[in-house]
Amino acid sequence: MHYDMNKLKNNRVIPILVQVLFCALILISPLYMMIRSGDVKLIHYFMYFIRTSLYIFVFYINYLFLIDKFLFEKKLYSYFFSNLVIVILIVCLQNFLMEIIASSYLQEATDALNKPKGPPFYIRFWGDVIFIIFTIGLSVAVKSTTRWYQDSIRMEKIKATQLETDLRALRSQLSPHFLFNTLNNIYSLIAIDTVKAQSSVLRLSNLLRYILYENDSQYVPLKNDLEFTSSYIDLMKLRMSSKVDLQVSISDCNSKVSIAPFMFMTLIENAFKHGVNSDDNAYIHIHIHVDFENKVICIVDNSKSNHENIESKSSGIGLPNLKKRLDLLYPNQHDLYIQDTPNQFFVQLTIELLED
């Protein structure tokens, strides 16, 4: 907490120091240029210093107070009236100070050189008004840009928080969904083959260990997730008929990439649920590999029983969950192609991954 407070103070102090240094540079640089050129006229610098200081005052009274209090609160009349008063006061004060300086220090030099006097008062007056209005507009532009930037950062934080909340909710749904289906499979094995049922319980315990340790992680090594997927397929094979043509090819090519956990489970669950039937032509083909561009490609091709529509009848969260997770985790980095026919369900999922 102490560290966070210090960090917060630093975040506030640094912009203030930058602005102070910038204003000092604006005020001091003309004097520095005069000294370097060897033509130092302090009276001219004093006039510049007063005029610029008044413009800086107008800028910051808008930037720090008036814009937040009136303009952003949509009190336009109060904002315009306040600036009207400021413009009149600053112009009068500026011309008053300039007249004092001119009469005190420049009168003798002007008379001696027979130089003409400056432009009429009304020209100087409206010139000063235009410059002050420009300064007010500049302060509004800077303040609006700063607020837009801060709001965009705030919205990004809100989106990131919402994203993490949605992902946790999806993962919390996913684990019970997977567990429910697997327990159903083991239950059906108990009456048929107790040895296979015991082996299934052992495999399930290993899978649950992975779920418990990895479920709270947004990303896991691809190698670990593919090992989990292979173990799950081995578990599902225990209750499969020998008539089913099962082909499995899983390889990560020793790639050093990470992936969100359980991205392939929905597709594989659907394949075993809907691809195993009493027909001699039943088949499940699963291929997962990583190409040279660090894109993981998962292809699941399976037959369908009773000509059902897998996408519409998949239990629980199924494909809608997968699509939402892909949109949240891999926007513009994935491609999901689904072909659903009366006898076949084919899906190809491609995800562009980043190296660890």
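Two strands count as paired if DSSP finds at least two bridges between them. Keep in mind that this is a predicted model.

**Exercise 1. Strand pairing**

Task: Which strands pair with β7, and in what sense?

Solution: 
1. Take strand β5, residues 295–303, and strand β7, residues 344–352. They pair in the antiparallel sense over nine bridges.
2. Check one position. Val300 has Val347 in β7 as its bridge partner.
3. Now take strand β6, residues 334–340. β6 also pairs with β7 in the antiparallel sense, over seven bridges.
4. Leu336 stands opposite Leu349 in β7.
5. Three residues lie between β6 and β7, and the two strands form a hairpin.

**Exercise 2. Helix α7**

Task: Is helix α7 largely enclosed or largely open, and why?

Solution: 
1. Use the cut-off: buried means under 20% relative accessible area.
2. List the buried residues of α7. They are Met265, Thr266, Leu267, Ile268, Glu269, Asn270, Ala271, Phe272 and His274.
3. Conclude. Nine of the 10 residues in α7 (265–274) are buried, so the rest of the structure largely encloses this helix.

**Exercise 3. A nonpolar surface patch**

Task: Which residues form the nonpolar patch on the surface, and how is Leu84 classed?

Solution: 
1. Name the members. The patch consists of Phe81, Leu84, Val85, Ile88 and Leu89.
2. Together they have about 480 Å² of accessible area.
3. Recall the helix geometry. An α-helix has 3.6 residues a turn, so residues three or four places apart point the same way.
4. Class Leu84. Its relative accessible area is 47%, so Leu84 is partly exposed.

Key: Residues are numbered from 1 along each chain as its sequence is written. This is a predicted model: local features need pLDDT of at least 70, side-chain atom pairs count only at pLDDT 80 or more; totals for chains, interfaces and linings use all residues. Side-chain values use heavy atoms; hydrogens and water are left out. Buried means under 20% relative accessible area, exposed over 50%, partly exposed in between (1.4 Å probe, protein chains only). Helices (H or I, at least four residues) and strands (E, at least two) are DSSP runs, numbered from the N terminus. Patches are made of residues with over 30% relative accessible area and no salt bridge: like charges are joined within 9 Å, nonpolar side chains (Val, Leu, Ile, Met, Phe, Trp, Tyr) within 5 Å. Accessible areas come from the Shrake-Rupley method with a 1.4 Å probe; for residues, only the protein chains shown count as cover. A salt bridge is a side-chain nitrogen of Lys or Arg within 4 Å of a carboxyl oxygen of Asp or Glu.
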